[in-house]
Amino acid sequence: MTANLVTVFGGSGFLGRHVVRALCKAGWRVRVAMRRPHLGGDVRLAGDVGQVQLVQANVRNKASVERAVDGAHAVVNLVGILFERGRQSFNATHVLGARNVAEAATAAGITRLVHVSALGVDRTKHSAYARSKMEAERAVRAALPTATIIRPSVMFGAGDGFFNRIAETVRLTFVTPVIAGKTKFQPVFVTDVAQAVANAVSRADAEGETYELAGPHVYTMKELTTYVTRTIDRPRVLAPLPGFIAGPMGYAIGAASRLNPFFGPPLTGDQVQMLRVDSVPSEGAKGFADLGVEHLETVEAIVPTYLWRHRPYGQFQDGVREEELLNTADA
């Protein structure tokens, strides 16, 4: 076993790239386990020369998981999907994958495992995504009681699938539908979550604990949508979309998307179910402070730095309304 080697599953994803960078900064050697390591050359740039190693592994394949954790001191599992396609089902990816990682770590004598789940998955039984995430947590704890569970709220940052998706919807509509407008969210900066994960790998007092990570402010879905329209300078009428309409619509879109192997669905019925569940920490839950992360970035400080591409006139449009610009041009 190598004392400073950590294996990261899902290290090439949105959160994963930040976690790899945080671990490298902390001095770890990082082995990134990927289904297609030939596509992860940029992940190597997260550390010094030779600090990041790419290996082939699929969490659904137990033998490849065992090879990936061999010789490691710690393991991080970030693998997750938001919709099902082909062999990548919620059960196979979340439950079977998490069980394979935890059992492989146990067999290798590794006690430090950080498993990333999601905030709010313990509060709904109507979402297949949430059920699989909860079953995955139970499978991890059954195989390795010392595992650390981390449940982040919806994450934001350049390339995120939350604020960018809202902005795309706003761009394509004149009347923007809002699903579950009263649902509460506490969006959290992806780099802050990554730092918490890296700290959990290094802290003995994190073993066996569950942490719920959320940002410094609470918003409703309607407030977040309104914020996006103002940030990208595209005023819109917001129209509440009732669940009894959004749900069937999402299931229909999700079913149709299975026929398209190249693009993910803009919305699924399962995602509609999750949007109706508050993504805020439970009372008394351990959080960022317990993992040594004190100063959290806000939505207002970060989101405008990457949503500018959705503005009518791009990055250097200084809050001027499109109508005002047209009037100036006519003059």
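This is a predicted model: local features need pLDDT of at least 70, side-chain atom pairs count only at pLDDT 80 or more; totals for chains, interfaces and linings use all residues.

Because K62 belongs to helix α2 and E103 to helix α3, the pair ties together parts that are 41 residues apart in sequence. K62 is partly exposed, with a relative accessible area of 36%, and E103 also counts as partly exposed, at 30% relative accessibility.

The two helices themselves, α2 with residues 62-69 and α3 with residues 90-107, pack at an angle of about 45°, their axes lying 9 Å apart. This angle makes α2 oblique to α3, and the crossing of the two is right-handed. On the α2 side the contact is made by K62, V65, E66 and V69, and on the α3 side by N100, V101, E103, A104 and A105; these residues divide into 5 nonpolar, 1 polar and 3 charged.

The whole structure holds 10 salt bridges. One of them joins R112 to E207, whose closest N and O atoms are 2.8 Å apart, and it links strand β5, where R112 lies, with the loop between α6 and β11, where E207 lies, 95 residues apart. R112 counts as buried at 12% relative accessibility, whereas E207 is partly exposed at 27%.

Another salt bridge brings together the side chains of E137 and R151, at 2.8 Å from N to O, with E137 in helix α4 and R151 in strand β6. Both of these residues are buried, and they belong to a network of salt bridges that links D122, R123, E137, R151 and E212.

Note on methods: Residues are numbered from 1 along each chain as its sequence is written. Side-chain values use heavy atoms; hydrogens and water are left out. Axes are lines fitted to C-alpha atoms, for helices over the stretch in contact, and angles run from 0 to 180 degrees between N-to-C directions. Helices (H or I, at least four residues) and strands (E, at least two) are DSSP runs, numbered from the N terminus. Angles under 35 degrees count as roughly parallel, over 145 as roughly antiparallel, 65 to 115 as roughly perpendicular and the rest as oblique. A crossing is left-handed if the near helix is turned anticlockwise from the far one by less than a right angle, and right-handed if clockwise. Contact means heavy atoms within 4.5 Å. Ala, Val, Leu, Ile, Met, Phe, Trp, Tyr, Cys and Pro count as nonpolar, Asp, Glu, Lys and Arg as charged, and the others, Gly among them, as polar. A salt bridge is a side-chain nitrogen of Lys or Arg within 4 Å of a carboxyl oxygen of Asp or Glu. Buried means under 20% relative accessible area, exposed over 50%, partly exposed in between (1.4 Å probe, protein chains only).
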